[in-house]
Amino acid sequence: MDTAERETIVAAVTARVRSFEAAGRARDAERLVAHYASVPEFYLYHDGRRATYEVMTAGMRRALPAVRSLDVTYADIEVSDLGPEYALTSATFHRKIVMEGTGATVRQQGGVSWLWRRVGGQWVIVQGHISHPLEKLE
């Protein structure tokens, strides 16, 4: 791959991270789910627990209606192209969740890494890891 191809991949995957971020802020489970690949090799480690596509997406669909607002920001985004079909990202995140009904606020920060694959012309997450080492309930 030449430099232009690498730059194109980095820009496309970075745009997908920003799209994921916007979907979270909108509390739109279906837009979030659209960033994940429904493939047999999918998994996501969430605070050390391995989740399949079905478990992870069901959890998102179940949890988001209970959220009044969600402010999430990804920073320190690094994208490594691994060829024309794969890219690896890592980032830090800050998240503030206000729960519907109670108004309780949860603040989280941590790190995330995702393995992206180009499927049907779209970059989607096929594997990942997220950790929330500091969680504060107000």
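A pocket, on a 1 Å grid over the protein atoms alone, is an open set of points where a 1.4 Å probe fits, with protein on both sides within 12 Å along at least five of seven lines, and its lining residues have an atom within 4 Å of a point. Grid points are joined across faces, edges and corners, and the volume is the space filled by probe spheres set on the points. The model is predicted: local features need pLDDT of at least 70, and side-chain atom pairs count only at pLDDT 80 or more, while totals for chains, interfaces and linings use all residues. Residues are numbered from 1 along each chain as its sequence is written, and side-chain values use heavy atoms, with hydrogens and water left out.

**Stop 1: the largest pocket**

Select His46, Met60, Ala63, Arg95 and His132, which lie nearest the centre of the largest pocket. The space there is about 840 Å³, and 32 residues line it. Now colour by secondary structure (DSSP runs numbered from the N terminus, helices being H or I of at least four residues and strands E of at least two). At least two lining residues come from each of α1, β1, β2 (49–51), α3 (53–63), β3, β4, β5 and β6 (122–137). Helix α3 gives the largest share, 6 residues. By residue class, the lining has 20 nonpolar, 5 polar and 7 charged members. In this count Ala, Val, Leu, Ile, Met, Phe, Trp, Tyr, Cys and Pro are nonpolar, Asp, Glu, Lys and Arg are charged, and the others, Gly among them, are polar.

**Stop 2: Leu44**

Move to Leu44 in strand β1. Leu44 is buried, at 5% relative accessibility (buried means under 20% relative accessible area, exposed over 50%, and partly exposed in between, with a 1.4 Å probe and protein chains only). Show its contacts (heavy atoms within 4.5 Å): leaving out residues up to four places away in sequence, Leu44 touches Arg49, Arg50, Ala51, Met56, Trp114, Gly128 and His129.

**Stop 3**

Next select Arg117, in strand β5. Is Arg117 buried or exposed? Arg117 is buried, with 18% relative accessibility. Its side chain forms a salt bridge with Glu41, and the closest N and O atoms are 2.5 Å apart (a salt bridge is a side-chain nitrogen of Lys or Arg within 4 Å of a carboxyl oxygen of Asp or Glu). Arg117 belongs to β5 (residues 105–119) and Glu41 to the loop between α2 (29–33) and β1 (43–46), so the pair ties together parts 76 residues apart in sequence. Glu41 is partly exposed at 34%. The two side chains also make a polar contact of 2.5 Å (N or O atoms within 3.5 Å; within protein, one must be able to donate a hydrogen and the other to accept it, and residues adjacent in sequence count only if both atoms are side-chain atoms). Besides Glu41, the residues that Arg117 touches include Val39, Glu85, Tyr86, Trp123 and Val126, again not counting residues up to four places away.

**Stop 4: two further salt bridges**

How many salt bridges are there by this rule? The count is 6. Side chains of opposite charge can pair when their charged atoms come close.

Select Asp71 and Arg25, whose side chains form a salt bridge at 3.5 Å, N to O. Asp71 lies in strand β3 (residues 67–81) and Arg25 in helix α1 (residues 3–25), so this pair joins parts 46 residues apart in sequence. Asp71 is partly exposed at 42%, and Arg25 is partly exposed at 37%.

Then take Arg68 and Glu100, a salt bridge at 4.0 Å, N to O. Arg68 is in strand β3 and Glu100 in the loop between β4 (86–99) and β5, so the link spans 32 residues. Both are partly exposed, Arg68 at 38% and Glu100 at 46%.

**Stop 5: Gly121**

Gly121 is exposed, with 61% relative accessibility. The C-alpha atoms of Gly121 and Arg68 are separated by 34 Å, with the residues 53 apart along the chain.

**Stop 6: positive phi angles**

Finish with two backbone angles. Arg27 has phi near 55 degrees, a positive value in a residue other than glycine. Arg27 sits in the loop between α1 and α2 and is partly exposed at 35%. Asp76 also has a positive phi near 55 degrees and is likewise a residue other than glycine. Asp76 is in strand β3 and is exposed, at 55% relative accessibility.
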